Amino acid sequence: MRSRKFLKAEQAPLVWDAPGLLAGVDEAGRGPLAGPVVAAAVILDDLRPIRGLADSKTLTALQRERLYDQILAKALCCSIAQASVEEIDTHNILQATMLAMRRAVEGLRLKPAKVLVDGNRLPTLDVLAEAIVKGDSLVKAISAASILAKVHRDRLCEQLHAEYPDYGFAGHKGYGTREHLEALQRHGACVHHRKSFSPVAAALARTAAAASVAVPAGAGSQAMVISVAEPVRLDLRAAP
């Protein structure tokens, strides 16, 4: 009679990946109501390790800033790319995110043998790629990419704040916080808002309605017409 131990044979893992450089990819800014979606790709240098790499959402702003500088200094190569608000409204946020990720990978100075992407979706790439759920907390290269993308986008939001201080972009980073929704209610949408997101679409509709009422019928001038894209449902959330 065969032993129970014999029946529990283990299968040896098979490694199919071609040897070569490994790139990590992550994004920042899928959920906000304004600004571009940003993606980063990073190839780390095994000979120059970086301590403290982790999912950017678990780090403080100061930790992210310090690691940002270290990643740029120590990684073999990095690339940061984005998809614009117009591309988000035209293609939808998922496709725009994939576009930004693809641009980040294509922007790397060195071509990786494999790309590891945070999440469960993959952009169209010409190299071997794998999606890893919670990869930003499991793979150092993805953690590094998440930090680059987050810091870069936060800095963009600070620039938006300088241009449009009434919306508070420096604080909420474009997310649908109560402060941001109240600003949309008071001031309407600006050019950096995503028209395909429901709170922004609602603000544009209010502006269009107010403009049509403000112009008397038959006054000889045409009322302003603002096109509103199909809204995307979005839950109220706190800024990270």
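## A guided tour, from the pocket outward

The lining of the largest pocket is made up of six nonpolar, seven polar and 13 charged residues. In this grouping Asp, Glu, Lys and Arg count as charged; Ala, Val, Leu, Ile, Met, Phe, Trp, Tyr, Cys and Pro count as nonpolar; and the others, Gly among them, count as polar. The model on the screen is predicted: local features need pLDDT of at least 70 and side-chain atom pairs count only at pLDDT 80 or more, while totals for chains, interfaces and linings use all residues. Residues are numbered from 1 along each chain as its sequence is written, and side-chain values use heavy atoms, with hydrogens and water left out.

**Stop 1: the whole chain**

Display the protein as a cartoon. Nine helices and five strands are present, and from the N terminus they follow the order α-β-β-α-β-α-α-β-β-α-α-α-α-α. Helices (H or I, at least four residues) and strands (E, at least two) are DSSP runs, numbered from the N terminus. The protein has 240 residues, of which 43% count as buried. Buried means under 20% relative accessible area, exposed means over 50%, and partly exposed lies in between (1.4 Å probe, protein chains only). Among contacts with a separation of 6 or more, 63% join residues 24 or more positions apart; contact means heavy atoms within 4.5 Å.

**Stop 2: the largest pocket**

The largest pocket has a volume of about 500 Å³. Select Asp-26, Glu-27, Ala-28, Lys-57 and Asp-118, which are the closest to its centre of the 26 lining residues. A pocket is an open set of points on a 1 Å grid over the protein atoms alone, where a 1.4 Å probe fits and protein lies on both sides within 12 Å along at least five of seven lines; lining residues have an atom within 4 Å of a point. The volume is the space filled by probe spheres set on the points, which are joined across faces, edges and corners.

Next, colour strand 1 (22-28), helix 4 (93-106) and helix 6 (140-163), each of which supplies at least two residues of this lining. Which helix gives the most to the lining? Helix 6 does, with four residues.

**Stop 3: salt bridges**

Side chains of opposite charge can pair when their charged atoms come close. A salt bridge is a side-chain nitrogen of Lys or Arg within 4 Å of a carboxyl oxygen of Asp or Glu, and the structure holds nine of them.

Select Asp-55 and Lys-57, whose side chains meet in a salt bridge at 3.2 Å, N to O. Asp-55 is buried at 10% relative accessible area, whereas Lys-57 is exposed at 60%.

Move to Asp-154 and Arg-64, a salt bridge in which the closest N and O atoms are 4.0 Å apart. Asp-154 lies in helix 6 and Arg-64 in helix 2 (residues 61-74), so this pair ties together parts that are 90 residues apart in sequence. Both Asp-154 and Arg-64 are buried.

Then select Glu-130 and Lys-114, whose side chains form a salt bridge at 2.8 Å, N to O. Glu-130 belongs to strand 5 (residues 128-132) and Lys-114 to strand 4 (residues 114-118), so the pair ties together parts that are 16 residues apart in sequence. Glu-130 is partly exposed at 35%, while Lys-114 is buried at 10%.

**Stop 4: Ser-79**

Select Ser-79 in strand 3 (residues 77-83). Is Ser-79 buried or exposed? Ser-79 is buried, with a relative accessible area of 8%. The side chain of Ser-79 reaches the backbone oxygen of Ala-104 at 2.8 Å. Leaving aside neighbours within four places in sequence, Ser-79 is in contact with several residues, including Ala-39, Ala-40, Arg-103 and Leu-108.

**Stop 5**

Select Asn-92 in the loop between helix 3 (85-91) and helix 4. Asn-92 has a positive phi of about 90° although it is not a glycine, and it is partly exposed at 38% relative accessibility.

Lys-173, in the loop between helix 7 (169-172) and helix 8, also is not a glycine and has a positive phi, of about 60°. Lys-173 counts as buried, at 12% relative accessibility.

Finish at Lys-195, in the loop between helix 8 (178-187) and helix 9 (198-214). Lys-195 is partly exposed at 34% relative accessibility.

Note on methods: A polar contact is a pair of N or O atoms within 3.5 Å; within protein, one must be able to donate a hydrogen and the other to accept it, and residues adjacent in sequence count only if both atoms are side-chain atoms.
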